[in-house]
Amino acid sequence: MKHLRFAAIVILLVSAACREGNLHQTNPTPITISLIPSSAVAGSAALTLTVTGADFVRSSVVNWNGVAHETTFVAATRLTAKIPADDLATPGSSATITVVSPSPGGGTSAAQTFSINNPTPVLASIEPSSTFAGAGALTLTVTGSGFVSATLVNWNGAPRKTIYGSATQLTASIPATDLASSSIANITATSPTPGGGSSEGQRFTVGNPVPAITALLPSSAIAGAEDVTLTVSGTGFVPTSVINWNTTALSTTYVSAAELTAKVPNANLASASLANVTVSSPAPGGGSSAPQTFTINNPAPTLSATINPSSAVAGATGISLTVSGAGFVSTSIVTWNSAPLVTNSTSATQLIAKIPDANLAVAGTASVGVTNPAPGGGSSAPQTFTVNNASPTLSGLTPSATIAGTGPLTLTVTGSGFVATCVVDWNGAPLATNCSNTAELTATVPAGDLATAGTGSVTVVCPAPGGGTSTAQTFTINNPAPTLSGNLDPSTAVAGSIGVVLTVTGTGFVPTSVVDWNGTALKTNTTSATQVTSIIADSDLASPGTASVTVTNPTPGGGTSAPRTFTIQPAVPVLSALSPASAIVGSSDLTLTANGSGFVATSVVQWNGTALTTTFKSATQVTAAVPAANLTSPIAASVTVTTPAPGGGTSGPQIFRVTDDCVVTSDTIWSANKTCGNLTISQGATLRLANAITVTVRNTMLVTGNAKVLVQSANAAVQVSGAWQGAGGTINAANVQIDSGSSLNADGQGFVGSTASGFSLAGTGAGDGGGNSSSGNPSGAGHGGAGGNGASGNGAGGIYGSATAPITLGSGGQGNNGNGRRGGNGGGAIRLIVTGTLTLNGTVSANGGTPDAYGSGGAGGSLYATLGTLTGAGTFNANGSAADRTETVVAGAAEELPSITQRIPHFRGSPGQRPPERPATAVAARAHSARSASSTPPTR
């Protein structure tokens, strides 16, 4: 019993396992509906991702970009997964989220997208936050948080060139144009989507400077003087600055940032007094200068010439200053920025003073004047003495080059004339600079300036006065040399492919890297330092072969990688047309042109599977030599084009037909028996059958377009002797069609009529016209019936030939008198055998020929037709020709047959054949002789 209880427990456990684990069921394919959350800001801490959907099982796993993450089954409609912070580090990216359930069944759900957003930037401070109008371009340092590499600094909403330093610092280049005039600018930072956005603004003030007056010229006047033009020297003047006289604004002219002028009206100079002169500049910034006193008193000394010297280099020693002017006295004092100097008076126009060495230690400007003590007197207008910085020179850089993408570096600049205020500039922008001594400066070049290949222009700028900018030295940022690794993707394509995108992997790629195809640059997109893509031009894939693929980085530095091979395989050829598409049996060797697409130099034309000698013309045309041996009998040959591997293949077939069809389009003579599959005589052409030949047509004979088949039986040399036997010409065809306007005839092709010599002579043939006639009025020729008598009763031609199988020629008519008048020729003979249908809408005739004047008519010839079926509206004619008639002279004539129903009296069909479509279908026709047209002798 214990054993049985154990078995029962096992069965229950297995049953439970089947229910829980679906051992006997198929897991459903999971379905995802949403993600909670569906996004996070880049740099976020690890999070728990909730995936909602349907058909989840306990073994379902959440995949992040195809990588399984630790997953908790909540319900068939909900899973949670732990997403580590590392997966959330890259801003502006996204992840593909799927749910995978294992087999049996199971599978992978459709993907959901989790966005890793750029943070919204936050500005904490800007440095500097203000400057004076006209100060020139500056570098603005922006401090805050949430910055990414694509974050831009905006000046009043307009982006400025920005260098990413870190997530908490950006630098931006503010051009001098933004700082030209006073204003308040709003500084923001903007990051792109996903996420991103714009920060709150920081205020940047471009203010007018606070003006300062250093001198008035003149600074005094003699009481009662006329209007005085007052020149105010100083600093920080702007075009809107105003000179004030005891708080009353004067009409002011802006000369420079260091000088203004205004006219002092004489009313202000009426009596001795002291006047306060100030300069006011409007907001932003601006303000009012400290006042200067204008003295209206007794005459004061004046400076009449430039001081000598007017400048010195900072650090000079032992300088004596000579001041020239007027109104000097023995107690006059030369002042330096209003401070008295030890002065020696040499005359009323010249003073000499010693400048202390300490006054020349630092670059700047000094106001030099002369003061006379009271009473009256006063101070002269000042002259400016300039203490100049030395002009810097630059002799070398260490280092002078680096590879693009390296971090910040310390640049050592050597030269001369350096002072503590000199700055190293990189492409015109100042770098953080340290002055080691007068011959060496060091500066930090930020990584952003070294990110891409190119050159940097390095100068040293020392401030005014003096100073200036050194000549430039060039710092080179080189591209790395590219290398290729792995295979091309793809490395092959079929000739004629279009829109092929080539992916190349390797190292050292830069944004200006170019993929070269056999040395020619392709349009290239750099996706990273290890991958570039390009589109192969369709024309480069037009023909099979191989191409050398390299990657080239431009100078400076750079270079070209080792090559990889791309193979263009031939396409399966397409055969669309043959020219010619047919030939006549027995033709000589011919050149066959195959038109289509996908042909290559190794493509071969096949004739019923056998290769022909082939010549490549282009991708759309090849030619092949078809030997005469292939054209000896009717055939429908299968023609294909085969291109060998790799790629290639065999085209679909085109049919080339070898036929024995005959086409006559011009005047043509056949003098030997002829066999044709089909025979066409067209476009007004004439086919002449000579030498009593037989033409055999296996299919259809077509006479159309006013064409003519002429059975030429007349041969004087043979026929005059009577030696000719048999039909003049035989046509044996399955079907014959003679169209309206076209004909099959032997008219006038029988025995020839005679030409009179002396008096009338008989024509040729068994039924020629009667003998000589002294009256000269000949009789007509006979054939199946007697010819007509002449007007004088001359004997008519006799009857001969078969009425049921006529094969003989018609006889010639008699000539007339001694004037060379010829009688008409007899009609020829036609044997027509049609096993199928004769469609007759034209004429079939063997009529006698027309005589000359006074000659008699020729007899009709023979029409012997054996037909299967006759249809159409045409006629059969074998008429004797009428004698020529002139006034009262009448000659004998051959009889003209009556209507078609009487003209073709017999039918001779094949046994058992249906009656013909027309009741009077001819197999035999014979000419009947005509009675005399008149029994009255003609009168002469």
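**Labels and the values behind them**

Q: Why does R698 count as partly exposed?
A: The relative accessibility of R698 is 43%. Buried means under 20% relative accessible area and exposed over 50%, with partly exposed in between (1.4 Å probe, protein chains only). R698 therefore counts as partly exposed at 43%.

Q: How do you know which residues and atoms the values rest on?
A: This is a predicted model, in which local features need pLDDT of at least 70 and side-chain atom pairs count only at pLDDT 80 or more, while totals for chains, interfaces and linings use all residues. Residues are numbered from 1 along each chain as its sequence is written, and side-chain values use heavy atoms, with hydrogens and water left out.

Q: What makes the contact of R698 with D660 a salt bridge?
A: The closest N and O atoms of R698 and D660 are 2.4 Å apart. A salt bridge needs a side-chain nitrogen of Lys or Arg within 4 Å of a carboxyl oxygen of Asp or Glu, so this pair qualifies. R698 lies in strand β76 (residues 694-703) and D660 in the loop between β70 (654-659) and β71 (662-664), so parts 38 residues apart in sequence are tied together. D660 is buried, with 14% relative accessibility.

Q: How many salt bridges does the rule give?
A: The count comes to four salt bridges. Among them is E70 with K82, at 3.7 Å between the closest N and O atoms. E70 sits in the loop between β5 and β6 (71-75), and K82 in strand β7 (residues 78-83), so the pair joins parts 12 residues apart in sequence. Another is R160 with D178, at 2.7 Å from N to O. It links distant parts of the chain, with R160 in strand β15 (residues 158-160) and D178 in the loop between β17 (169-174) and β18 (183-191), 18 residues apart.

Q: Are E70 and D178 buried or exposed?
A: E70 has a relative accessible area of 53% and is therefore exposed. D178 has 14% and is therefore buried.

Q: What makes β4 and β8 a pair of strands?
A: Strand β4 (residues 61-64) and strand β8 (residues 93-101) share four bridges in the antiparallel sense. Strands here are DSSP runs of E, at least two residues long, and helices are runs of H or I, at least four, both numbered from the N terminus. W64 stands opposite I97 in β8.

Q: How do you know that β4 also joins β5?
A: Three antiparallel bridges join β4 to strand β5 (residues 67-69). The bridge partner of W64 in β5 is V67. The hairpin of β4 and β5 has two residues between the strands, and N65 there takes a positive phi near 55 degrees.

Q: Why are β41 and β46 called edge strands?
A: Four strands form an open sheet in the order β41-β43-β47-β46, with antiparallel pairing. β41 (393-398) and β46 (432-437) each pair on one side only. Five bridges join β46 to strand β47 (residues 440-445), in the antiparallel sense, and T433 stands opposite A443 in β47.

Q: What is A258 in contact with, leaving aside its neighbours within four places in sequence?
A: A258 touches V232, S233, G234 and F237, where contact means heavy atoms within 4.5 Å. A258 is found in the loop between β26 (252-256) and β27 (259-264). Its C-alpha atom is separated by 8.9 Å from that of T214, 44 residues away along the chain. A258 has 37% relative accessibility and therefore counts as partly exposed.

Q: What does the chain come to in secondary structure?
A: The chain has three helices and 86 strands. Of its 940 residues, 41% are buried. Among contacts between residues at least 6 apart in sequence, 62% join residues at least 24 apart.

Technical notes. Pairing = 2+ DSSP bridges.
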